[in-house]
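Reader: I would like to learn how to read helix packing, sheets and a hairpin turn in a model. Please take me through one.

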Amino acid sequence: MSEAVEYDVVVLGGGPAGENVVDRTRAAGLSTALVESELIGGECSYWACVPSKALLRPVLARADARRVPGLAGAVGGPLDTTAAFEHRDYWTGNWKDDGQVDWLESIGAHVYRGHGRLYGIRKVAVTSPEGEHHVLSARHAVVVATGSRAVVPDLPGIAGARPWTSREATSARQVPGRLLIVGGSVVASEMASAWQGLGSQVTVLVRGGRLLPRMEPFAGELVAEALREAGAVVRTGVAVEAVVRDGSTGPVQVVLEGGEILEGDELLMATGRSPRTEDIGLDTVGLTPGDWVPVDDSCRVGGYDWLYAVGDVNHRALLTHQGKYQARIAGAAIAARAAGAPSLDAGPWGAHAATADTRALPQAVFTDPEAAAVGLTLAEAERAGHRVRAVDYDLGKVSGAGLYADGYRGRARMVVDLDREVLLGATFVGPGAAELLHAATIAVAGEVPIDRLWHAVPAFPTVSEIWLRLLETYRG
């Protein structure tokens, strides 16, 4: 190993969370190095959020257009898949990260390409693709931001079946004639919407009782209903026991519990995520390789005054925007501690506490219809011991929704803390409903009293009038 190069902060992992730590620590005047073994920008930029939304955009726009009188007849044909793929490729930078590297260098960060591993206290060892070795030493903090990867269950026959994960599903260059999807998650639901719209015959196999199990039950129900109307098959309560694929290009079969066999041209396994920590040197600092890395609200690892973990790897909230939020919190905490601050602003909603991870977590699912939620569901609020009331309203009965699309179908719910009369959560399902989410996030994070929300007047005729309808319903 070469002599250690010293920085104030060393960040292990160059996805959105890692990049945001670099941005915040550099803004605070701290010298910072970033280590990344793949593309800088991470999973979100190249194999998840960005390419999936690029593929979904024409599908959702056509679905919306088909519900608009005067336009519906003009959008009846198939999508131009070549153009859709080119649009996806543009937004991923054709899987090149030159722009990301240029930005990091422009803010004075030092980028190391290669596999990084913790190398004892405050040190990271880097092995470059050319086999060169470097040791980076951190005066103040090492931040683990290595993310997560798709889990493929160890089923009989799975190894030779070449299943898709989210990476293949978002980067494929041909539309499979028949696509089997195993799982009921956000990935399963969004990719079902995307590929059914792009021309596949999609079959979704859900082990549980519904799609989107972490959201209010009606969210998954409405998404499944729309998928079926689009021609997809959605089956719940089914388990896959084995996978069979003969040859390199032949069809793939899944064997269900009970012996039923289904055949497709490709198989997407959307069955969860695991941390990318099995070979990053956790053992050199007394942690367990392959485990999630638990942290406090400042994203510092318990028992270590120099080690932080942000993004998926800490298992607080496996969402890109939350990883970036955690990075901003951790960057501020690192900067404060480096400056010798006697204490942190670490109470709820403080500058050094990632409170939103547990109290105001927003998520948008870009299916048709879209599903968006923030905070607690009714069931979660009740399990937490809150005295609550759920207020529901048919989103399609709002004038703005009716003008948005003929036959608009959707639903909204707000979960009210009856003791404090503030919102604990809100869910919206319907075409374009994701754009309703940030107002709800502000209401939940700001703990805005119901009486004050009454004075937040929605413009007519917008879909946002749903807020007035919900509040009227609550008041009776």
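Author: We take helix pairs, then a sheet, then a hairpin and its surroundings. This is a predicted model, where local features need pLDDT of at least 70, side-chain atom pairs count only at pLDDT 80 or more, and totals for chains, interfaces and linings use all residues. Residues are numbered from 1 along each chain as its sequence is written, and side-chain values use heavy atoms, with hydrogens and water left out.

Reader: At what angle do helix α1 and helix α9 pack?

Author: Start with the terms. Helices (H or I, at least four residues) and strands (E, at least two) are DSSP runs, numbered from the N terminus. Axes are lines fitted to C-alpha atoms, for helices over the stretch in contact, and angles run from 0 to 180 degrees between N-to-C directions. Here α1 (residues 16-27) and α9 (residues 320-338) pack at about 30°, with axes 8 Å apart. That makes α1 roughly parallel to α9. The cut-offs: under 35 degrees is roughly parallel, over 145 roughly antiparallel, 65 to 115 roughly perpendicular, and the rest oblique.

Reader: Which residues of α1 and α9 meet?

Author: Contact means heavy atoms within 4.5 Å. From α1, the residues are Pro 16, Ala 17, Asn 20, Val 21, Arg 24 and Thr 25. From α9, they are Thr 320, Gly 323, Lys 324, Ala 327, Arg 328, Gly 331 and Ile 334. An α-helix has 3.6 residues a turn, so residues three or four places apart point the same way.

Reader: At what angle do helix α3 and helix α4 pack?

Author: Helix α3 (residues 49-65) and helix α4 (residues 81-91) pack at about 150°, with their axes 9 Å apart. That makes α3 roughly antiparallel to α4. The contact uses Val 50, Pro 51, Ala 54, Leu 55 and Pro 58 of α3. From α4 come Ala 84, Phe 85, His 87, Arg 88 and Trp 91.

Reader: Now the open sheet. In what order do its four strands run?

Author: Strands of a sheet pair through backbone hydrogen bonds, either parallel or antiparallel. Two strands pair if DSSP finds at least two bridges between them. In this sheet the order is β10-β9-β8-β14, with parallel pairing. β10 (233-236) and β14 (266-269) stand at the edges with a single partner strand each, so one side of each lacks a neighbour in the sheet. The twist averages 15° from one strand to the next. Helix α7 (residues 186-198) packs on the sheet and touches β8, β9 (201-206) and β14.

Reader: In which sense do β20 and β21 pair?

Author: Their pairing is antiparallel, over seven bridges. Val 416 stands opposite Leu 423 in β21. The two strands form a hairpin with four residues between them, and Glu 421 in the turn has a positive phi of about 55°. On its other pairing, β21 joins β18 (residues 370-375) in the antiparallel sense over six bridges.

Reader: Is β21 enclosed or open, and how does Glu 421 count?

Author: Buried means under 20% relative accessible area, exposed over 50%, and partly exposed in between (1.4 Å probe, protein chains only). Nine of the nine residues of β21 are buried, so it is largely enclosed by the rest of the structure. Glu 421 has 31% relative accessibility and counts as partly exposed. Beyond its neighbours within four places in sequence, Glu 421 contacts Val 416, Val 448, Pro 449, Ile 450 and Tyr 474. Tyr 474 is itself one of the buried residues of helix α15 (residues 466-475).
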